[in-house]
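Reader: I'm new to reading protein structures. Could you walk me through this one, a question at a time?

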Amino acid sequence: MLVLPETITHASAAACLASLSRTLDNASGTELVLDAGGLIRFDSAALAVLLEVRRNVLKMGKKLVLKNAPQRLQDLAALYGIAELLPSTA
C-alpha cells in the first residue's frame, strides 16, 4: 500500500509524483492500494498526481484502489468530472 503525503499542491506535485512513481516498480499483486487518509492540504494538482498514478498503474495491468480519500478530494474530483476514474473506498 502506498500512502499519500499530508500535502499535495502545485508546488509539491512533481516531487510527490516522482516519489510515488519510484515505488510503483515494487508493487505486487493485481491492484495497487493508495491510502489518501493522511491528505490534509491539497489543490487540483492532487488530482493530476492521482490521474498520472492511475495511468501508470493501468499500464502495469493493475487496478488502482483509492482508500480513505477525504470528502473534499472526492468533491473536487466530482467538480472536475473525474470522480468515476478515482473511486474511493472507506
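This is a predicted model: local features need pLDDT of at least 70, side-chain atom pairs count only at pLDDT 80 or more; totals for chains, interfaces and linings use all residues.

Reader: Which residues of H2 are buried?

Author: An α-helix has 3.6 residues a turn, so residues three or four places apart point the same way. Keep that in mind as you read the list. The buried ones in H2 are Ala45, Ala46, Leu47, Val49, Leu50, Leu51, Val53, Asn56 and Val57.

Reader: Which residue caps the N-terminal end of H2?

Author: Look for a side-chain oxygen 2.9 Å from the backbone nitrogen of alanine 45. That oxygen belongs to the capping residue, aspartate 43.

Reader: Is lysine 62 buried or exposed?

Author: Lysine 62 sits in the loop between H2 (44–59) and strand E5 (63–67). The cut-off for buried is under 20% relative accessible area. Lysine 62 has 13% relative accessibility, so it counts as buried.

Reader: Which backbone oxygen does the side chain of lysine 62 reach?

Author: The distance there is 3.0 Å. The oxygen is on the backbone of glycine 29.

Reader: Which element gives the largest share of the lining of the largest pocket?

Author: That pocket holds about 150 Å³ of space. H2, E5 and strand E6 (88–89) each give two or more residues to its lining. The largest share, 4 residues, comes from E5.

Key. Residues are numbered from 1 along each chain as its sequence is written. Side-chain values use heavy atoms; hydrogens and water are left out. Buried means under 20% relative accessible area, exposed over 50%, partly exposed in between (1.4 Å probe, protein chains only). A polar contact is a pair of N or O atoms within 3.5 Å; within protein, one must be able to donate a hydrogen and the other to accept it, and residues adjacent in sequence count only if both atoms are side-chain atoms. On a 1 Å grid over the protein atoms alone, a cavity is a set of points where a 1.4 Å probe fits but cannot get out, and a pocket is an open set with protein on both sides within 12 Å along at least five of seven lines; lining residues have an atom within 4 Å of a point. Grid points are joined across faces, edges and corners, and a volume is the space filled by probe spheres set on the points.
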